[in-house]
Amino acid sequence: MNLLFLAVEDPSLSGDAREMLLHADQELRRVGQMAKRSLGFFRETSTMVAVDIPAIIREVLQIFTRRLEVSGITLKDEMDDLPSLIGFPGELRQLFANLIGNAVDAMAKSGGELRLRATSKLHPRRGESGIVLLISDTGTGIAPEIRARIFEPFFTTKNDVGTGLGLYVSQNIVEKHLGMIRVRSVAGGTRHGTVFKIFLPYPMDGKRH
Ligand SMILES: Nc1ncnc2c1ncn2[C@@H]1O[C@H](COP(=O)(O)OP(=O)(O)O)[C@@H](O)[C@H]1O
Ligand SMILES: [Mg+2]
């Protein structure tokens, strides 16, 4: 942005070129805002620390209290008390804010139920124990024809308000914590809704930093 600012001031520029640079500056500002909104808020440096997952999810929920209320969304908190896992709390907070935000968006018009379940489990195939988290909504659901694209950066169906970065960033955060994220969804009909399932492993000897 600084370079564009300087370039626009160059007296040898043609009017057209100046116009293009001003346009580029505008777009760059827009992208900058988007990145800041999606990443900046939760950004923190630091190393991995012990994280109480249900506790940080409940913290994130507080941001949404008002939206749940005005949209007529009821909350079912079925999260067990769980051992802490080792992770980046700011990023995990961002992960949950993205998923809860999407669930709320999907129920904004109709209301519905947001259900959060968290349990400790041994992952059957991976032979690791970890936290299984289910974030379920009774919202619009995700149409089968777009299901494959929702984790792509900038893919959004929320024209003006969406960044399309939420799930892309979420998947990256889960992978960084050596976990998995899966989605099941039903669109249309009477029993519509979406479930995101996340597995986050507990640290195992010799495998982690
Ligand atoms: N819980 C959900 N219910 C319905 N659609 C969803 C849900 N979560 C994600 N989606 C779909 O996936 C798209 C991408 O989500 P995301 O990456 O968070 O970007 P954004 O929320 O900015 O659109 C959304 O635009 C929406 O179409
Ligand atoms: Mg989103």
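Visitor: Leaving aside its neighbours within four places in sequence, which residues is Asp 137 in contact with?
Guide: This is a predicted model, in which local features need pLDDT of at least 70, side-chain atom pairs count only at pLDDT 80 or more, and totals for chains, interfaces and linings use all residues. Residues are numbered from 1 along each chain as its sequence is written, chains are lettered from A and ligands numbered from 1 in the order written, and side-chain values use heavy atoms, with hydrogens and water left out. Contact means heavy atoms within 4.5 Å. With the neighbours within four places set aside, the contacts of Asp 137 are Ala 103, Ala 106, Met 107, Glu 113, His 192, Gly 193 and Thr 194.

Visitor: Where is Asp 137 placed?
Guide: Helices (H or I, at least four residues) and strands (E, at least two) are DSSP runs, numbered from the N terminus. By that numbering, Asp 137 belongs to strand S5.

Visitor: How far from Asp 137 is the nearest side chain of opposite charge?
Guide: Lys and Arg count as positive and Asp and Glu as negative, while His and the chain ends are not counted. A salt bridge needs a side-chain nitrogen of Lys or Arg within 4 Å of a carboxyl oxygen of Asp or Glu. Asp 137 is buried (under 20% relative accessible area; exposed is over 50%, partly exposed in between, with a 1.4 Å probe and protein chains only). Asp 137 has no salt bridge, and Lys 158, the nearest side chain of opposite charge, is at 9.3 Å.

Visitor: Which residue has its backbone nitrogen 2.8 Å from a polar atom of the Asp 137 side chain?
Guide: Asp 137 lacks a salt bridge. A polar atom of its side chain does lie 2.8 Å from a backbone nitrogen, that of Gly 139.

Visitor: Leaving aside neighbours within four places in sequence, what is Phe 96 in contact with?
Guide: Phe 96 is one of the residues with the most contacts inside the largest core. Beyond those sequence neighbours, its contacts are Ile 53, Ile 56, Ile 57, Val 60, Leu 133 and Leu 200.

Visitor: How many residues apart are Lys 176 and Glu 91, whose side chains meet in a salt bridge?
Guide: The count of salt bridges is 12, and in this one nitrogen and oxygen are 2.9 Å apart. Lys 176 is partly exposed at 43%, whereas Glu 91 is buried at 18%. Lys 176 lies in helix H6 and Glu 91 in helix H4, so the pair links parts of the chain at a separation in residues of 85.

How values were computed:
Core = buried A, V, L, I, M, F, W, Y, C linked by side-chain atoms within 4.5 Å. Polar contact = N/O pair within 3.5 Å; in protein donor to acceptor, adjacent residues only side chain to side chain.
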